[in-house]
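Student: I am new to this structure. Please show me how to read its features one at a time.

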Amino acid sequence: MQKVRFKRLVQILRPNGEVRAFFVNDGLNIYTPREIRLLGGEVFGEVKVYSDYERKFKENAKRFWAVMVK
């Protein structure tokens with residue numbers, strides 16, 4: 001399993017004009033579409049993986065998203 005560091009600045013703007021800012025540094029796991037299907041299938045009844053924001057799966061896609069139904 002691969003990991004990627006996801007670093008970002010989060011700012012909270014309150015209605016009274018107060019601003020709070022803090023840095024967040026998370027380690028995210030990178031999964032293949034097959035791993036998403038297998039891991040999701042352990043908890044959910046139906047798992048579908050789509051790619052590049054289309055309702056079909058492409059072999060050389062850069063982005064994936066999953067729909068899981070309990």
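Predicted model: local features only at pLDDT ≥ 70, side-chain atom pairs only at ≥ 80, totals over all residues.

Student: Which residues of helix 1 are buried?

Tutor: The general idea comes from helix geometry. An α-helix has 3.6 residues a turn, so residues three or four places apart point the same way. In helix 1, residues 33–43, the buried residues are Pro 33, Ile 36 and Gly 40. Seen down the helix axis, these buried residues fall within an arc of 50 degrees, so they line one face of helix 1. Arg 34 and Glu 42, on the other side of helix 1, are exposed.

Student: What covers the buried residues of helix 1?

Tutor: The cover includes strand 3 (46–51) and strand 4 (64–69).

Student: How many bridges join strand 1 to strand 2?

Tutor: Strand 1 (residues 2–13) and strand 2 (residues 19–30) run antiparallel and are joined by 12 bridges.

Student: How many aromatic pairs does a search of the whole structure find?

Tutor: The search finds 1 aromatic pair. Tyr 50 and Trp 65 form this tilted pair, with 4.8 Å centre to centre and 40 degrees between the planes. Tyr 50 lies in strand 3 and Trp 65 in strand 4, so the pair ties together parts that are 15 residues apart in sequence.

Student: Is Tyr 50 buried or exposed?

Tutor: Tyr 50 is buried, with a relative accessible area of 12%, whereas Trp 65 is partly exposed, at 26%.

Student: Which residue lies over the face of Phe 44?

Tutor: Lys 70 does, at 5.7 Å from the ring centre.

Note on methods
Residues numbered from 1 in each chain as written. Heavy atoms only, no water. Buried < 20%, exposed > 50% of the residue type's maximum accessible area, 1.4 Å probe, protein only. Helix = DSSP H or I, 4+ residues; strand = E, 2+ residues; numbered from the N terminus. Arc of directions from axis to C-beta. Contact = heavy atoms within 4.5 Å. Pairing = 2+ DSSP bridges. Phe/Tyr/Trp six-rings, centres within 6.5 Å; stacked < 30°, edge-to-face > 60°. Lys NZ or Arg CZ within 6 Å of the ring centre and 35° of its normal.
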